[in-house]
Amino acid sequence: MTEKTVSEIVSRCEALYEDLYFNAAREWKAAKPGRKVIGFMPLYVPRELIHAAGMLPLGIMGGGDNLEVIHGDAYYQSYICRIPRSTIELGVSGRLDFVDGMLFPSICDVIRNLSGMWKMLFPDVYSKYFDVPQTYRDEIGGEFYTNEMREFLHDLEGIAGRKITDDDIRASIAVYNENRRAIAELYALRQSQPWNAPASEAYLVLRAGLVLPVEEHTQLVRDYVAAASAEQRPVKDNSRVVLTGMFCEQPPLNLIKSLELSGCYVVNDDFVLVSRWLMDDVPTEGDPVHNLSQAFLHRSMSTAAKYEPNEAEKGQFLVRQVRDANAEGVIFASTSFCDPALLDRPMMQNVLKAADVPFIAFKYAENSGQMQPIREQAGTFVDSIKLWSAA
Amino acid sequence: MKPTTAKKPAAEVLKDDSMLKQKAMMAAHYERLSSAPETGAKVCSTFVPGNLNELIMCFDLVNNLPEVNAIQSGLRKQSGGYIMEAERAGHSEDVCTYVKSDIGMMMKGNIGPNGKELPKPDVLLLSYTGCFTFLKWFELLREQYKCPTIFMQTPYMADGKITKNMIDYMVKQFKEDVIPTLEQVSGVKFDIDRLRQYLAESAKAEDDLVHVLQSAKNKPSPIDAYFGGIYYIGPIFGAFRGTEDATEYYKFLREEVDQRVKLGLGPVTPDGPMAEEKYRLVVEGPPNYTSFRQFWKMFYEEGATVVASSYTKVGGTYDLGFRHDPSKPLESLAEYCLNVYTNRSLPMRIEMLSNYINEYEADGLLINSIKSCNSFSAGQLLIMREVEKRTGKPAAFIETDLVDPRYFSAANVKNRLESYFQMVEQKRSGKGIAA
Ligand code: SF4
Ligand code: SF4
């Protein structure tokens, strides 16, 4: 077997990323009669349950900077972020016509309202607002969440026309554990050799996981890690940064590249959080739904769209990310008009100030074109980090 | 344009028993708040949608509502400065201006509408109902006040129904988290019979409020259910639900309104009673508070009365049948929170607005879209088209902000309204909707 090169893998991921008709998922569906595809938006859904039903979970992250939004703007005022309008564009332009269901995770009021709009616009497609607890005690939030997942499973059984057993779910958990491990290896590589695994490539590799079957994606991530670690790319005098705020509306690929060009090694980030949301292996013994719930309650990532019950813990997740990745600063890149990210930011900045971590902040939209100001700002930031650390 | 309000001095308006009573109630409340440090009263900050006033009262806590403070700052034209203050301190220009008004006010010494400093809260009761911004807002306040913060999640009514899982989740939060923490903060033991008593009191006031709101089905409508409605909902959405004061207020109000119906009178406006009702509107969305009177005037000068509005349902959808029920106190509080307007799915909102247009025989729908507020604004353009389609009545869209004066352009709003009224006229004379 010949090994794939980095550029082969990355070009494949890039093609998947650019394909706004989701042909990979269409082909998967067409390959066997009765196959179903369930779309989901950021931030997180338990893809294990969809997989256990024999279906393909398909991540829909808006239209990016290549989609011409023709109809979507008629649904939203100018002061609302872009992801809902480009997602509607994907829907009304028929690009999602093969999708058998859509999930709208509980992330903010915009996505929440979009779930109702979807019901109005596509009344024949299953759509669900996927509510999650923002309280994390087992007997309160845990029980609510377990029941919500059971309700969802019941819906999935209706769509699949078959029962989903606990063993099915356990098997799917095992498959996703594998995927999470592969992605953890990718992040480990980025932290140890960021020159060999640039963020712009890693981002594409992660994005591929939204459209490919998970088993195939795990292999792809491993192939990339193997190929990238074998490379000998030049080591630059870049600064190591953590990038945060991109958990929902996606940055244009150019934005990530621009940050790298201006001298940043992005050593941690909140790209495609669904793939890293659960931080460790989910146990494959015992009640699988309970296990998924436990992982969600006690071992999931922190982000602006999540309530932090403990004041002292606020922002510490980010500080730990900085420390663990040996980063020198943080870049807050938030979507324009994004209430969760932008309201959270001042609190996070206060925590960083107290922890002596430098940061910069800017806003973007999925279709931002002008990268010059961002490049300049990031360049200045990198220079100041270097000056500061040299002092 | 011919003014359609009869000239009567505003002073006469203020003689209405209900208005005098509300004023006195509000003043007493702010006094209770600002004197809390001297009296030793403990303060609980919380939100209007899904507010748990009856429960808060069970612990002798004084209820402080940052949203109402932001409205007061808006009405007193101070919110603009507060918002700038918050932005200078690093808050984004893109986010909810209620939050920034509150934070700016805090930075400027937290002076309440009575000119006195508002106390620091002893507890933040984060009732997360119908708006994600609430989460961040109280995380921001908690950062400043370092006080206990109770989180109370209301699941979203996405499928138009309340499930057992939702109620169980909420009741459990009450029992295992909210109530024990409130006991701890206040030092007062929870007494469920006391709660029942308050809930029974609430239900009485709710009956009368619904009677008042539905009086707008009369022609002419004796009330304006948006601009006037905001005053009418004040006590029940705020710190008074469950008190005898509120019951009495709504009793007075009901009598006054019945009297106006009997006499065939229109609503009372700041310039006196409206003389002629030319247009009947349903309004969706919050109002603008920084130019509230000017905004309202644009309606009553044209003879436009709002006969129903969604904003007056953010603190409860009593007109759709919900009543606080002392026989199942905690479940009832849960149902109350679940039912508030902002916790309703888009299809439910559309149905509600379409029904209002039909039931109140309105000429159409007007949407005031608020730059700040994703909870209301995201999806309103679809709401507009769908309600238009279902009712066959014209709809119009204006854009302002709640408390940020930078986003209120009087000339634009007035233009839009004038062309909307023309559209209604054309529709009436059978000429169809002008493009
Ligand atoms: S970008 Fe922010 S505001 Fe927009 S949908 Fe996503 S989380 Fe909500
Ligand atoms: S976003 Fe809207 S509902 Fe939420 S606090 Fe702001 S104004 Fe209120």
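User: What makes the 4 strands of chain B an open sheet?
Analyst: In this predicted model, the strands follow the order β2-β1-β3-β4 with parallel pairing. β2 (61–64) and β4 (149–153) of chain B each pair on one side only, as edge strands. Neighbouring strands are turned by 25 degrees against each other on average, direction ignored.

User: How do you know that β1 (residues 42–46) and β2 of chain B pair?
Analyst: Pairing requires at least two bridges. β1(B) and β2(B) have 4 bridges, in the parallel sense, so they count as paired. In β2(B), B:V62 is the bridge partner of B:V43.

User: Which helix lies across these strands of chain B?
Analyst: Helix α9 (residues 164–186) of chain B lies across β1, β2, β3 (123–128) and β4, and runs at about 165 degrees to β4(B).

User: What makes A:E249 the charged residue in the shell around ligand 1?
Analyst: Glu counts as charged, and A:E249 is among the residues surrounding the ligand. The shell divides into 9 nonpolar, 1 polar and 1 charged.

User: How much area do domain 1 and domain 2 of chain A bury between them?
Analyst: They bury about 3,000 Å², 67% of it on carbon and sulfur atoms. On the domain 1 side, A:L43, A:Y44 and A:Y136 lose the most area, together 25% of what that side buries.

Technical notes. Residues numbered from 1 in each chain as written. Chains lettered and ligands numbered in written order. Predicted model: local features only at pLDDT ≥ 70, side-chain atom pairs only at ≥ 80, totals over all residues. Heavy atoms only, no water. Helix = DSSP H or I, 4+ residues; strand = E, 2+ residues; numbered from the N terminus. Axes fitted to C-alpha atoms, helices over the stretch in contact; angles between N-to-C directions. Contact = heavy atoms within 4.5 Å. Near = heavy atom within 4 Å. Buried area = accessible area lost by both parts, 1.4 Å probe.
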